[in-house]
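Hi,

Here is the structure I promised to pass on to you. Have a look first, and then read my notes below.

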Amino acid sequence: MIAEPTLLSRSVQKENSVVDVSSCASVHHVSSERNENRQKTVRGKRKARECSENAKRKHSKSSNGSLGRAENEQLKNGDVEAVTLFEVVSMGRNAMQAVVDDWIDAYTGDRDTALLDLISFFIQCSGCKGMVTAEMFQSKKGTDVMSKMVEDLDEDTGLQYKKFLAFPWILTVTWPLDMDSGEYPLIMSGLYWKRFRSHFCEFVSVLVAQCQNCVIFDGYLLNTLISLLTELSDSRVRAFRHTCTLAAVKLLSALVNVALNLSVSVDNSQRLYEVELAKMASKRASPRLDRIQRKISELQDRKCEIENMMDAIFKGVFLKRYRDVIPEIRAICMEELTVWMKLYSSVFLNDSYLKYVGWMMHDKQPDVRLKCVLGLQALYQDQSSSKMDLFTIRFKERMISMTLDKDHEVAIQAMRLLMVISQSCEDVLSPDDHKNVFQFVYCSHRPLATTAGEFLYNRLLSNHELSKPRDGASDQERHRGLVLARVRALIHFHTENELHQQVLYLVDSLWDSAGALLKDWTGLTSLLLPHTSCQEQALSSAEEAFVIELMLASVRQAAEGPPLSGRGAGKKVINTKEKKLQIDDCTKLTEHFIKVLPELLSKYSEDAEKLTSLLKIPQYFQTDTCDHENSQCVQALLAELEAAVDRHTDAGLLEATARSYQSLCAQDLPWHSLARPSFDRLIQHWTDTLGTRLGESLSDGCFTANEDSTLEILSTLKKLNAFDIAQDLSKWSLYELGTRLLDVEIKHGGLPMEVTIEALRCMCSCILWKLNTFGEGLTSRESALQQRSQLRAFCEKCHRCLSHAEQLVREQAFMFLSDVLIAHNYQLQMWDSSAGTPLLYTPDPKLQKALLSFVVEHVFTSPEQDTHSLMASGPGRTTTDTFCFQSRKFSESECGDGRLEDLHRRRNLLAAYCKLIVHSVLEMSMAAEVFKQYVKYYNDFGDIIKETLNRTRQMDKMESARTLVQCLQQLYLRLKQEQDRGNTCSSRVQTYSSIKELARRFSLTFGWDQIKSRESLAMIHRDSIEFVFKGFVQQSEKHSPPYISYLTILSEFSSKLLKPDKKTIYSYLQKFAGEQVINNRDESWMPLIYYRASLMGTAEGEDSISFISSDTNKQPSLTNRSRSPSVKQVNSEGDQRFLSPSSEPKGNKLLKSSEDSKVQQAPLSREQLTSSLVSDKAPRSSDEVDVDTVDIDG
């Protein structure tokens, strides 16, 4: 829809003339003869174009007319010659001044012709491919003319047209029908059209600026232009409305500048008049005073005229378009309105205009809201808030609520707006408002959090009144006092909001604005170390803990940087400048803490919590800055690390110390030679101590240690296990030490529970390290056999521990065993054949059965009603394994922490077992017992079981389907056996309705892709039909098969079948049951009729209700034929009556998508079926296309 303009033909007659202005490479002469021959019209176009181009070139050369200087400037620069305003503006801003000057010269010479050029320019900028017709308006009876101002469709020519008054002309714009659905310059993508928009806006501004001292006040130019833009901005065509609205508001902005210049001139003239008037009467020149007075009056008249023009544009364009259906138009109006308020505040900055901005802050489109917020920022920054008091009070709540906007950019700018308001208006935001806004430092969107952090810093931490230094204080004391005041303000904020306890997120939010404070590790550590001159400013224990956490978070931020967990989609790629800054920060913190950290560790050596945080700092050291001076500091640090682990056995502290040792002992680093010997001595000391104590305590195969020896053995095991996680300690033979303890426990017992768990953990870590390093070099058969023997021995010991008297030992043994088996399976999958003999081990059947029994006994234990009531307030916690299971929340007022921890523990056990299934460690059939509990424990473990089901289906969809069939059949048989015994109320057996609901849930997991699950669904029906009719003989049997009611359960899967598959399965059913049996209406055969109806409801288009209408007491609905009908009305004992189950229509909805699909599926291939499965006369649609077939009999 973009025009390709050429030279325009200008022929203006004085009375009732018709001027044709073409915007699409031709000029149309419009007359009453519009329906002439099309060939004549084409020839006329060509002649008109050639004549107009020649006339234009002659005119521009001879008379220095419009565009002359613009063309010369473009030709000098080597550009293509431009002959229209549209082309010149499209070329760029270099010729903008010249083209405007040329147009003004042309307007001075022939204003009608030049004005028509300008009108054509705006039409072309709208992307119009039509034409403009102008005729002079002379009628004094405007009512008759205005009644003809229309926008409609010309049925004769098939063109749309708009006829309107742009005094002194009546303009008619004609365009094709498809213009409104096409593109136009303002919305087209690409750099060229983005520049065109800016050039277009600049042209309007330059035009008014150049005309402000001449033709702008002739009562002709702007009146016509305003009429044109007002009418076209009210068009139904989006291109006209958008383009002319933009031109109109830019025209008003340009007029605002003119009005400002006039105001300055009026002020200058007024001051000059006052100076002249202040002279003595003898020196006063009356003619000069009169001249100045006339000039003032003239300027004021011009200013009044400009304001009238602005008012006409505002009322004619803005008031109609600020609520336009197009969000771009609304955004333009809001953006320019705030510009007018800022530039010409004496007229526009009042409540009459501010209300539009307040209203549009509720707009549905984020772009419009964003323009309002950005405009308000500029207004509040301009120190004009005194005129906005009423607006601020009226819309303050809305501005605060916009920080919660779903669009992140709007929320960020709303936060900045509140920041500006807080700076310019101290009393607008209350303390509660500030408190609510400051809590955004903990939000997940980092840009919004950093903006809130900047607000927090400016409001609380940059206040100069925080620190009032004492008289005579040194610079160091002044700096320490300032840091202390800011830290205490931060502590007050952190402890007061009680929203989040993670200091790391607070530091991340403040990093960009308060980086100088957070990186001032010298000032922070000075608050922790003794300071004799400032005893009255000493920190409390809680404040010291916060400072240590703050210091650790800032060290981590400087070394690793954002994003944190939950902030950002992935790891940020830093540029060279940021990388250099990060290295510099790491160097600074290393140089500082390597000297200060030993002293801090010594001071807080008895406080395990503070010590744990301090021990994490060496993990972020820049270890390539080692020199002789730092070597002594490293030795002091290593001594403090050793003292810390000798004094404490806290798990978090030991882990932090192990990670710090790992960082200091890294290969190819300068500190390796210092840290590694210290680490080896520490481990050797612990192993020697443990070996000695075990030799003393294990006598005659029994554990005989006293209480002190037991505590020493336990603490040593904890330390070794914590360090074994970080580094491989296999060379110290820890596995043998753990084996000695477990052998005693298995044979004779008597080992404390905690010692048993730590011994299992020690052996598990050793096995995992060996599996990790196995295969790095060429492995021999003997090595593989040795490793397999060790793995088998560990699994046997864990198997024995599964029956331990202590529940915690049983659970830990199960978890350790699962981790080792999964790691072994992964090692087999990643095995390189060139590395030699792999380590092969398969759990024996007894162990697999023991794992299953353990899960059944320890996971699915609580009553169903307890779990449902527990989960009524929300889901449970999530495991941190590869399943990424959904996070859950609990209401602690309804259920205690003990029950929450118990559910969390059972979820971990179930997740570990399910990982054994999906990693192929256990057979897939072992998942049947887990799948049985899908409905009963859906609230507790539904997400884990569903994810396991999906993973097994991805591994082998046929085997997964067999597992589902096995699950349903086992539950059915168990219920059948209990009913045969008369035990109908056993809580251990699921009811018939629950089994049917389980089948419905299973069918929902197949999703909407029926082709993808075609084979597995067919196999489910095939195996189930064989299960029901096993041993049934059609001729001799008069009674129904004993498992006939299972067909009602099977009908839950019918809705997932394709239409041709239903036909084939129905034929397969006929093979076993026979036609006579299928049509039997006896009560015992009702499940068969129910199942047949689920297959026939969409298979052949028959009314399934007719098969069972004589047996139903309730008339079924005729509006939904796809719903499987109710078989028989039963009483409330339906769950206990096995042979007469109550129907549940919600589980029998058949999919209509298979019928309505554009791609119809073919029946199952008969070549893959036995001759007895499908009859040769089975119906087959002629328009069906063959697709992948299913072997239902295989």
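The side chains of Asp 324 and Arg 241 are joined by a polar contact of 2.7 Å. A polar contact here is a pair of N or O atoms within 3.5 Å; within protein, one must be able to donate a hydrogen and the other to accept it, and residues adjacent in sequence count only if both atoms are side-chain atoms. Before you go further: this is a predicted model, where local features need pLDDT of at least 70 and side-chain atom pairs count only at pLDDT 80 or more, while totals for chains, interfaces and linings use all residues. Residues are numbered from 1 along each chain as its sequence is written, and side-chain values use heavy atoms, with hydrogens and water left out.

Back to Asp 324, which sits in the loop between helix H10 (286-321) and helix H11 (327-343). Helices are DSSP runs of H or I with at least four residues, numbered from the N terminus. Asp 324 counts as buried because its relative accessibility is 3%; the cut-offs are under 20% relative accessible area for buried, over 50% for exposed, and partly exposed in between (1.4 Å probe, protein chains only). Not counting residues up to four places away in sequence, Asp 324 touches Arg 241, Ile 329 and Arg 330; touching, or contact, means heavy atoms within 4.5 Å. Asp 324 is also part of a salt-bridge network with Asp 234, Arg 241 and Arg 321.

A salt bridge is a side-chain nitrogen of Lys or Arg within 4 Å of a carboxyl oxygen of Asp or Glu, and by this rule the count comes to 44. One of them joins the side chains of Glu 336 and Lys 250, at 2.9 Å from N to O. That pair links distant parts of the chain, with Glu 336 in helix H11 and Lys 250 in helix H9, 86 residues apart. Glu 336 is buried, since its relative accessible area is 4%.

Now try this one: which residue meets Arg 446 in a salt bridge of 3.0 Å, N to O? It's Asp 508. Arg 446 lies in helix H18 (residues 446-461) and Asp 508 in helix H20 (residues 503-510), so this pair ties together parts 62 residues apart in sequence. Arg 446 counts as buried at 18% relative accessibility, and so does Asp 508 at 0%. Arg 446 also forms a salt bridge with Asp 512, where the closest N and O atoms are 3.8 Å apart. Asp 512 counts as exposed, because its relative accessibility is 54%.

On to the nonpolar side of things. The largest nonpolar core has 316 residues, and Leu 118 and Tyr 913 have the most contacts inside it. Helix H9 (residues 238-277) gives the largest share of this core, 16 residues. Such a core is a set of buried Ala, Val, Leu, Ile, Met, Phe, Trp, Tyr and Cys residues joined through side-chain atoms within 4.5 Å. Leaving aside neighbours within four places in sequence, Leu 118 is in contact with residues including Trp 103, Phe 203 and Leu 221.

Last, some backbone angles. Most residues other than glycine have a negative phi. Ser 733, though, has a positive phi near 55°, and lies in the loop between helix H29 (707-726) and helix H30 (734-747). Ser 920 is not a glycine either, yet its phi is positive, about 65°. Ser 920 counts as partly exposed because its relative accessibility is 47%.

Cheers

Notes: Helices (H or I, at least four residues) and strands (E, at least two) are DSSP runs, numbered from the N terminus.
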